[in-house]
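Work through the exercises below with the sequence and the model at hand. Each task is followed by a solution in steps.

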Amino acid sequence: MKKTARFAAVAMVAALALSSCGSDDTESSTGTDGGDAPSSDVKVGMAYDVGGRGDQSFNDSAAAGLDQAMEEFGMESQESEAEDGEAEAAREERLRTFADAGYDPIIAVGFAYGPSVGKVAEEYPDVHFAIIDDSSVEADNVASLVFAEEQGSFLVGAAAALKTETDQIGFIGGVETPLIQKFEAGYVAGAEAVNPDIEVDVTYLTQAPDFSGFADPAKGKTAAQGMFDNGADVVYHAAGGSGGGLFEAAAQSGNWAIGVDSDQYETADSSVQDAILTSMLKNVNVAVFEYLSEVNDGTFPSGVTTYDLAVDGVGYSTSGGFVDEFTEQLDEYKQQIIDGEITVPATP
């Protein structure tokens, strides 16, 4: 059954020491450290998408929610990540390995796991699964955690239109899929709400089923530099780890970049921070932590939970102070969306 998330936004875990784990390896850890530390029998399997922990974007946001749950509840976890170009069978086997090792629940990070979760969840009806960004699997042992990306993207699109000096901005998608098109659609709608005549350049780094577009900073930099050379002065990415290339191009050319998923001003190298105008916040950490909180209380959620602007599931960042001059306008747009006065499109 579908529901909308109801939560007071949980603050993102700060100052994470994040390290990447190899695609063929798993990393196991626990939130207990002896003494009076919390203890739990729950063993969580976390299957990351391409880029894994350390991508400073989507996967890291999921990792932050897992880390918070481990710290607060004392859960044990094991992590593994997808590899560029791997076969569907590899994703399925990753989930089966967790299930066979007694991990329950298993969290799949990213829509690309949709077919695998559907198949493996049927094979293991007593194991519970959660998938982020996919709502195609309907099963009693599967929870779908999805977001209104188009709403958050509307706000950063408006920010881009308010900041641009050329009336030309850009969007870089990692892989052209319906999910990433939601980011594009919201961004364009927000920009056009400010300036109906604005020009928005759009490009995608790869086409499905090639998901390398989420982990190719060099390709991201080339695409961004092309947009800047063509006259755009603000570019937004929904490209995972490839967004690092956008930040480099923006910093080197004196233009603006917009981050995604987490507050990328806080995680980017200091050499590019001053080029990051804002980020579209997609609080995957909150979704993961809330899901695991319910598991800790003895309940395994199922069905679709949607995180939107009304519950601060998405939003925009203000780090760096570069959008301070028009936060009032952005917050007005936010309230209009919440009140239903603005309906944000989810398709281009």
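**Exercise 1.** Which residue in strand 10 does Phe171 stand opposite?

Solution. The model is a predicted one. Begin with the two strands: strand 8 covers residues 168-176, strand 10 covers residues 234-238, and they pair in the parallel sense over five bridges. Then look across from Phe171 to strand 10, where Tyr236 stands opposite.

**Exercise 2.** Find the order of the strands in the open sheet, and say which strands stand at the edges.

Solution. Step one: the sheet has six strands, in the order 9-8-10-11-12-14, and its pairing is mixed. Step two: strand 9 (199-207) and strand 14 (314-316) each have a single partner strand, so they stand at the edges and one side of each lacks a neighbour in the sheet. Step three: from one strand to the next, the twist averages 15°.

**Exercise 3.** Is Lys282 buried or exposed?

Solution. First place the residue: Lys282 is in strand 12. Next take its relative accessibility, which is 1%. Buried means under 20%, so Lys282 counts as buried. Finally, list contacts, leaving aside residues up to four places away in sequence: Lys282 touches, among others, Asp133, Glu149, Asp261 and Val314.

Note on methods
Residues are numbered from 1 along each chain as its sequence is written. This is a predicted model: local features need pLDDT of at least 70, side-chain atom pairs count only at pLDDT 80 or more; totals for chains, interfaces and linings use all residues. Side-chain values use heavy atoms; hydrogens and water are left out. Two strands pair if DSSP finds at least two bridges between them. Helices (H or I, at least four residues) and strands (E, at least two) are DSSP runs, numbered from the N terminus. Axes are lines fitted to C-alpha atoms, for helices over the stretch in contact, and angles run from 0 to 180 degrees between N-to-C directions. Buried means under 20% relative accessible area, exposed over 50%, partly exposed in between (1.4 Å probe, protein chains only). Contact means heavy atoms within 4.5 Å.
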